[in-house]
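Here are my notes on this model, as numbered points.

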Amino acid sequence: MNINAPIAQRLQEISLNIVRALKTAQRDDQILLVAVSKTQTPKAIREAFSAGQTVFGENYLQEALSKQQELTDLKLDWHFIGPIQSNKTSAIAENFSWVHGVDRFKIAQRLSTGRPDHLPTLNICIQINVSDEASKSGVRLQDALALAIEIKQLPHLKLRGLMTIPAPVTDKMIQHTQFKALKDCYVNLNNHGLMLDTLSMGMSDDYLIAIAEGATIVRVGSAIFGARN
Ligand SMILES: *Cc1c(COP(=O)(O)O)cnc(C)c1O
């Protein structure tokens, strides 16, 4: 990856990599690339938009809202991918089309209540902790089904799937294993009738491995925009 390449060129490279990874995995479905624009400027987002990228992911509400304000002339689709504080749920429900990091029913309930009637249902991914570290957010694999069944009932939400941020490791085998754990959980939930269609997994360093294991959404930041400060 040439870190000096302009955003358009990096986006093109990533798209090609995605197509190749799908082919290698003998998959004929598609990947949604979420461009993670946290800490990046509105100018950088405009540059990505000019290259055809319309879906962006943000982690911090205030930062996201201020960028959205500056970019109202563009037709963009915003995914909230950061940790969710309960006092921010209304603003998140009002200003995003997807929320990836839901790991508590109370948060899901507040997002549903906060979703305005005139907007389509808010797309939700349950965040799963596949690495079993006590400190990390996300529900444990064995608790995913119960939470999914509860969230599925909420009127203004559409439960789409599962999301994970695995523990950072360099061992590729472990990376595969972590993503496979999320895929297995997804298959299990669908066997229980949850009708999920989304696996949100894979970032700049591991999105190709995630695609090999079944990702349908990859969330890529620094490989598009360059290193964050
Ligand atoms: C920052 C972030 C990303 C993107 O990370 P990169 O390594 O820059 O691609 C993806 N998902 C989440 C939840 C993030 O916080």
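**Notes on the ligand site and the cores**

1. An oxygen atom of the ligand sits 2.7 Å from an N or O atom in the side chain of N59. Keep in mind that this is a predicted model.

2. K38 also reaches the ligand through its side chain. One of its polar atoms there lies 2.7 Å from a ligand oxygen atom. On its own the ligand has 390 Å² of accessible area, and the protein covers 90% of that.

3. How many residues surround the ligand? The count is 13, and the closest are K38, N59, S204, G221 and R228. By class, the shell splits into six nonpolar, four polar and three charged residues.

4. Now the packing. The largest nonpolar core holds 63 residues. Within this core, L111 and L162 have the most contacts. Helix α1, residues 7-24, gives the most to this core: six residues.

5. Which residues does L111 touch, once its neighbours within four places in sequence are left aside? The partners are T89, I92, A93, V99, V102, L122, I124 and L157. Please check these side chains when you view the core.

6. Another core lies apart from the largest one. This other core has six residues, including V55, C125, M163 and I217.

Note on methods: Residues numbered from 1 in each chain as written. Predicted model: local features only at pLDDT ≥ 70, side-chain atom pairs only at ≥ 80, totals over all residues. Heavy atoms only, no water. Near = heavy atom within 4 Å. Polar contact = N/O pair within 3.5 Å; in protein donor to acceptor, adjacent residues only side chain to side chain. Areas by Shrake-Rupley, 256 points an atom, 1.4 Å probe, with all protein chains shown as cover. Nonpolar A, V, L, I, M, F, W, Y, C, P; charged D, E, K, R; others polar. Core = buried A, V, L, I, M, F, W, Y, C linked by side-chain atoms within 4.5 Å. Buried < 20%, exposed > 50% of the residue type's maximum accessible area, 1.4 Å probe, protein only. Helix = DSSP H or I, 4+ residues; strand = E, 2+ residues; numbered from the N terminus. Contact = heavy atoms within 4.5 Å.
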